[in-house]
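The sequence and model come first.

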Amino acid sequence: MLGLIRAYLKAGVVKDGKVERRYKGVPQGSPLSPLLANIYLDKLDKELEKRELSFCRYADDITLYVSSERSAQRVLKSLTLWIEKHLSLTVNQNKSGTGRPWDSQFLGFRITETYEIATSPKSIDRYKAKVRELWDARQSLTSNELVEQWRQYVVGWWNYFKLTTDRQHLLKWEGWTRRHMRKCFWLRWHNKKGRLKALRRLGATPRQQETANSTRGAWRIAKSPALHRALSNATLRQYGLCVPSELSTA
């Protein structure tokens with residue numbers, strides 16, 4: 001096992017088509033990183049338990065909870081010295097600090113002022129960026145491939161963030177997510193003829209079918225009654241296009 005770990009650590013990394021040798025550290029994102037961290041930092045866990053501190057750690061990310069800012073400053077200073085002395089590690093001062101739980105994040109989550117678990121703002125920003133990417137109409141994918149691509153992402157995303165107990169901020173972005181879906185399909189219907197055919201097939205009224213003649217932008221059209229009728233929430237669900245809150249009851 002030690003030989004395997006050593007070989008893993010010494011293995012080169014391919015960058016720009018060339019193999020680069022490494023002389024310290026573990027490759028970013030390597031599954032070996034959390035394994036070694038959990039082994040090596042077990043002593044730190046024991047020390048925190050000995051001090052009767054409330055903490056949560058995953059690999060080399062750790063957060064501790066104390067009753068005051070003064071206590072936090074004292075604990076940060078003493079633990080930094082302990083880690084450097086007993087583990088021979090250097091604490092990254094740029095990523096370390098003190099503050100209220102709701103002003104920081106840990107592994108994509110944050111604790112709210114009412115002591116609930118919520119998704120962090122940065123995680124929401126990454127979710128929004130992924131929605132824009134996955135519902136970009138310029139992708140050379142079939143409709144079925146678009147659906148499957150979205151399903152894989154949103155199911156994985158929800159399996160991670162379903163621990164949240166404060167979900168109101170998630171609901172805020174679900175209508176926005178569906179609007180991106182409608183915009184994508186509108187653009188993929190290409191022209192007046194294709195859009196009219198699609199609206200008829202999806203049950204739009206004759207008046208709503210007139211939207212096929214519109215010269216308004218796709219983002220505005222995605223909010224129109226015609227698109228909401230043709231690609232209603234129920235219709236999107238029927239084709240497997242769920243949003244996180246709908247997976248919570250699946």
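Where is the place of His190? His190 sits in the loop between α8 and α9 (192-201). The model is predicted, so local features need pLDDT of at least 70 and side-chain atom pairs count only at pLDDT 80 or more, while totals for chains, interfaces and linings use all residues. Residues are numbered from 1 along each chain as its sequence is written, and side-chain values use heavy atoms, without hydrogens and water.

**Positive phi**
- His190, a residue other than glycine, has a positive phi near 70 degrees.
- His190 counts as exposed because its relative accessibility is 63% (exposed is over 50% relative accessible area, buried under 20%, partly exposed in between, with a 1.4 Å probe and protein chains only).
- Leu107 is not a glycine either, yet its phi is positive, at about 55 degrees.
- Leu107 lies in the loop between α4 (69-86) and β5 (109-111) (helices are DSSP runs of H or I with at least four residues, strands runs of E with at least two, numbered from the N terminus).

**Surface patch**
- A nonpolar surface patch consists of Tyr58, Leu107 and Tyr160, which together have about 290 Å² of accessible area (patch residues have over 30% relative accessible area and no salt bridge; like charges are joined within 9 Å, nonpolar side chains, namely Val, Leu, Ile, Met, Phe, Trp and Tyr, within 5 Å; areas come from the Shrake-Rupley method with a 1.4 Å probe).
- Tyr160 belongs to helix α6.
- Tyr160 is partly exposed because its relative accessibility is 40%.

Note on methods
A salt bridge is a side-chain nitrogen of Lys or Arg within 4 Å of a carboxyl oxygen of Asp or Glu.
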